[in-house]
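Have a look at the structure first.

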Amino acid sequence: MDEAVAHCTRGVGMWDWACSDGEQEPDVVLGCAGDIPTLESVAAVAILRERLPELKVRLVNVVDLMRLEPDTEHPHGLPDAEFDALFTTRPAGDLRLPRLPLADSPSHLSAHQPRNFHVRGYKEEGTTTTPFDMVMLNDLDRFHLVMDVIDRVPGLAEHAAHIRQEMVDERLRHRAYTREHGQDPPDVTDWCWPGSNEARST
């Protein structure tokens, strides 16, 4: 609880328990804000850690979107040095931020986006369907996130093509399940972080 209070008070920060970059520069940073994007980002990180254990992944969760503004633009904003420490300063093609559901990117993101950010959000796609199918229709799901990472981290696509194909197949399988059963499959609705108390009790 103390960690959660500190994180919410801070407004943005790494979730060390999900990160696999240790004290090294990450290969990719997944940033997330909001309950559904955060859940899908965490699930994507779990897949990446299992299937691509050599990949150095950092997960950054944003509670206060104004933390993504420069401190010169908003009282909650981050100084450039702190922003760059979280998201790194690697050049275009090396780093992407797959999961910030923002209609208008804050100044930090606008300034950095041509260099090292890929921002995703809801595209207003959907119909009367299941919650996870709606997420997939907007390309915000865990499988699409893994595909994004494989596509965007230099050198990864060449040796992870089979994993990318599996992610495509998973999307198709989940979509077929919702069409047949009218609900999301249990591996989505009952998902929890591997090794957590919830996972051990099922």
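The exposed residues Ala81 and Ala85 sit on the face of α3 turned away from its buried side; exposed means over 50% relative accessible area and buried under 20%, with a 1.4 Å probe and protein chains only. Helices here are DSSP runs of H or I with at least four residues, strands are runs of E with at least two, and both are numbered from the N terminus. On the buried side of α3 (residues 80–87) we find Phe83, Leu86 and Phe87. These three cover an arc of only 80° around the axis, so they lie on the same side of α3; the arc is taken from the directions between the helix axis and the C-beta atoms. After α3 comes Thr88, with a positive phi near 70°.

This is a predicted model, in which local features need pLDDT of at least 70 and side-chain atom pairs count only at pLDDT 80 or more, while totals for chains, interfaces and linings use all residues. Residues are numbered from 1 along each chain as its sequence is written, and side-chain values use heavy atoms, without hydrogens and water.

Now to the cores, sets of buried Ala, Val, Leu, Ile, Met, Phe, Trp, Tyr and Cys residues joined through side-chain atoms within 4.5 Å.

| Nonpolar core | Size | Residues, among them |
|---|---|---|
| Largest | 31 residues | Leu30, Leu52, Leu55, Leu59, Val149, Leu156 |
| Second, separate | 12 residues | Leu68, Leu78, Leu86, Phe87 |

Finally, α2 and α6 pack at about 55°, their axes 8 Å apart.

Technical notes. Axes are lines fitted to C-alpha atoms, for helices over the stretch in contact, and angles run from 0 to 180 degrees between N-to-C directions.
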